[in-house]
Amino acid sequence: APCPGCNVVLVSFDALQAAHVHSLGYPLLTTPTIDRLASQGVLFKQAISPAPWTLPAHMSWFTGTYPSLHKVVNKFVVMPDKLVLSNLQQLAPGIQTLPEVMKEHGYETGGFTSGGGVSGGFGFKKGFDVYSDDVPAFTTGLEATSPKALKWLSGLGGKRFFLFLHGYGIHGQHLPPGGYDKRFVDPPYEGPYDGTPSQQRVLRELGLKQSIDLDKDDVRFWRALYDEKISRTDALFAGFLSSLQAMKLDQRTIFILASDHGTEEYEHKKFDHGYNLYDEMEHVLLAVVAPGIKGGREIHVQVGTLGIMPTILALVGIPQNAQLKEQIKGKSLLPLMTGQETTGEDVFMETDYRLFTHKRGLRTRDGWKLIRTLETGTLELYNLNQDPKETTNLAASNPGKAKELDDKLLAQYRKIGAVLDHWQVGCSPVYPDQCH
């Protein structure tokens, strides 16, 4: 292990699309703090999430396994006469979580979140000494969670720790405190939108039913506000890091910077996330900064963020027992970080978002993507090397490739014992105003 017994800080930048991160190729300087810290470690240029929205993606981080196996795929389990809150321990008894394992090996464990899709009631608080999720979901970012985290850290008295820090500052339902300053809006916008969560909600729900028709000025405006939220979150993260350094708690500390998923800003004429597996939702930030690992490196081969749990365990020297070896499906990234491996991996993705749709996807290491919609049986095939924006579905014109990848996709889910039929299409709410 490069850093045995080191502290671990896992930071979730909820809804941060990789294409809007400066160090991942975005022309605007939206993320100077993230970029600077990532440059001290290893930045993964092609990191792919196992799911395109908060709840299943984070639960996959914390369990190292697919949503199909941890089964926390929606906020509620739909029963004949009621909705029952999803809970990891009830849906997948016996699964060990990352904080549980860290706790068992002598770590103080603290989680500081903005609730919502990472509320403790879903099973996230299992293994945490302290799990704070009592701030208003979606309306609060790191300005609410990082002070609580720093207060907890200041009372540890030098004990080693595992910290999970999360906020919704970039999320579509978040409005910055005091409103937008429109720092990236250029030229001035005179259209019908103001970027409020209520307007975003209308566009989100409309987009589930049909493509939305916006002109280029509207789209530019929404994307500029998204960049502002990213920039504000990055500045808040800078403040957290400065406090950590002043407390000398950044020493012998591993930082994992990641986004659980991206979000659509009209790339496919919709807004928000969860309902599809396109790259604006699936291509995410992932950077690892660790003592004992040479910094300043970029990894260009494809990896999955399903590997976060096994990577942390490998970095700090916690062995996987037989149960964990069976449970964890993600691949440790340590061999890539130390130059022992040079090839990437195929990544499988899935969503059962709100029961509105059920999709499974495969993004191959050589640049192909297949998306299967289970309730209709339809396939989408994209050559990402030639069509990175996923505009041309090749399933009909290249049926051989589509069948090859579909067979591989179905074989993977059969191999892990996941069910691939009997799909219920309906409504399972994510936000309080749905499914009435």
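About 70 Å³ of space lies in the second largest cavity. A cavity is a set of points, on a 1 Å grid over the protein atoms alone, where a 1.4 Å probe fits but cannot get out; the volume is the space filled by probe spheres set on the points, which are joined across faces, edges and corners. This is a predicted model, in which local features need pLDDT of at least 70 and side-chain atom pairs count only at pLDDT 80 or more, while totals for chains, interfaces and linings use all residues. Residues are numbered from 1 along each chain as its sequence is written, and side-chain values use heavy atoms, with hydrogens and water left out.

The lining of the second largest cavity includes Trp53, Lys75, His171, His273 and Tyr431; lining residues have an atom within 4 Å of a point. By class, this lining has six nonpolar residues, four polar and one charged. Here Ala, Val, Leu, Ile, Met, Phe, Trp, Tyr, Cys and Pro count as nonpolar, Asp, Glu, Lys and Arg as charged, and the others, Gly among them, as polar.

In total the structure holds three cavities of 30 Å³ or more. The largest cavity has about 90 Å³ of space. Of its 13 lining residues, Gly172, Gln200, Trp222, Lys229 and Glu265 are the closest to its centre. Helix 8 (216-246) gives the largest share of this lining, four residues. Helices (H or I, at least four residues) and strands (E, at least two) are DSSP runs, numbered from the N terminus. The lining of the largest cavity divides into five nonpolar, four polar and four charged residues.

Four strands form an open antiparallel sheet in the order 14-15-16-17, where two strands pair if DSSP finds at least two bridges between them. Strand 14 (347-351) and strand 17 (378-383) are at the edges with a single partner strand each, so one side of each has no neighbour in the sheet. Strand 16 (residues 368-373) pairs with strand 17 over six bridges, and threonine 373 stands opposite threonine 378 in strand 17.

Helix 10 (residues 308-316) has eight of its nine residues buried, so it is largely enclosed by the rest of the structure. Buried means under 20% relative accessible area (1.4 Å probe, protein chains only). Among the buried residues are Ile308, Met309 and Leu313. Just after helix 10, glycine 317 takes a positive phi of about 85 degrees.

Notes: 1 Å grid on protein atoms, 1.4 Å probe; cavity = no way out; pocket = protein on both sides within 12 Å on 5 of 7 lines; lining within 4 Å. Buried < 20%, exposed > 50% of the residue type's maximum accessible area, 1.4 Å probe, protein only.
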